[in-house]
Amino acid sequence: MALLDVNNLSISFGGLRAVDNFNITIEKGELYGLIGPNGAGKTTVFNLLTGVYKPNEGIIRLDGDDITRKSTIEINHAGIARTFQNIRLFRNMSVIDNVKVWTCGESSSTVPLRECSTWASTGKWKKRWIMKP
Ligand SMILES: Nc1ncnc2c1ncn2[C@@H]1O[C@H](COP(=O)(O)OP(=O)(O)O)[C@@H](O)[C@H]1O
Ligand SMILES: [Mg+2]
């Protein structure tokens, strides 16, 4: 079974069809890049995969589960994480810790994300955060 299976994903903003029948199947261990010109719909695809936008059509399955209509938090806890184009780094953390910060999701680590953020802003992060290998 594919790890990520996306079928006929589409979304329109008013009259603009930003994503039109997007399909991708990713198996465990595979690494993909999504390329295209400005305005092609790349960021919108990531917003759909992470629940920021809900598609007009299509289905997203993660490990066989339909996550198409789930919330961003539920999708994160199921195992999908992202960074943003306008990144906001934690200055007191290393580059690799910034990349791994998503492991603070409830199902994948010892502590929930909200607590981690508080720790980062109060400077107690390094003492209390246990990094997932
Ligand atoms: N929330 C939105 N409302 C209206 N139009 C949007 C919205 N998000 C993206 N778009 C439009 O969808 C198209 C694809 O945008 P985007 O996914 O950001 O492209 P890319 O990341 O490939 O540069 C663009 O025409 C953009 O203006
Ligand atoms: Mg973009």
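In E4, Leu-62 finds its bridge partner in Asp-65. That contact belongs to the link between strand E3 (residues 57-62) and E4, which run antiparallel and are joined by two bridges; strands count as paired if DSSP finds at least two bridges between them. Strands (E, at least two residues) and helices (H or I, at least four) are DSSP runs, numbered from the N terminus. This is a predicted model, so to speak of local features takes pLDDT of at least 70 and side-chain atom pairs count only at pLDDT 80 or more, while totals for chains, interfaces and linings use all residues. Residues are numbered from 1 along each chain as its sequence is written, with chains lettered from A and ligands numbered from 1 in the order in which they are written.

Overall, the protein chain has five helices and four strands, laid out along the sequence as β-β-α-β-β-α-α-α-α. The four strands make an open sheet in the order E2-E1-E3-E4, with antiparallel pairing. E2 and strand E4 (65-66) sit at the edges, each pairing on one side only. H1 packs on this sheet and touches strand E1 (4-13), E2 and E3, where contact takes C-beta atoms, placed from the backbone, within 7 Å. The direction of H1 makes about 65° with that of E2; axes are lines fitted to C-alpha atoms, for helices over the stretch in contact, and angles run from 0 to 180 degrees between N-to-C directions.

E1 and E2 pair over seven bridges, again in the antiparallel sense, and Ile-11 has Val-19 of E2 as its bridge partner. Two residues lie between the strands of this hairpin, in which Gly-14 takes a positive phi near 60°.

As for the interior, 18% of the 133 residues count as buried, that is, with 20 or more other C-beta atoms within 10 Å of their own. The largest nonpolar core has 13 residues, and Val-19, Phe-22, Leu-48 and Ile-60 are among those with the most contacts inside it. Such a core is a set of buried Ala, Val, Leu, Ile, Met, Phe, Trp, Tyr and Cys residues joined through C-beta atoms within 7 Å. E1, E2, H1 and E3 each give two or more residues to this core.

Around ligand 1 (C-beta atom within 6 Å) are residues including Phe-13, Asn-38, Lys-42 and Thr-43. Strand E2 (16-26) and helix H1 (42-49) each give two or more residues to this shell, and H1 supplies the largest share, three residues.

Conventions
Contact = placed C-beta atoms within 7 Å. Buried ≥ 20, exposed ≤ 12 C-beta atoms within 10 Å, placed from the backbone.
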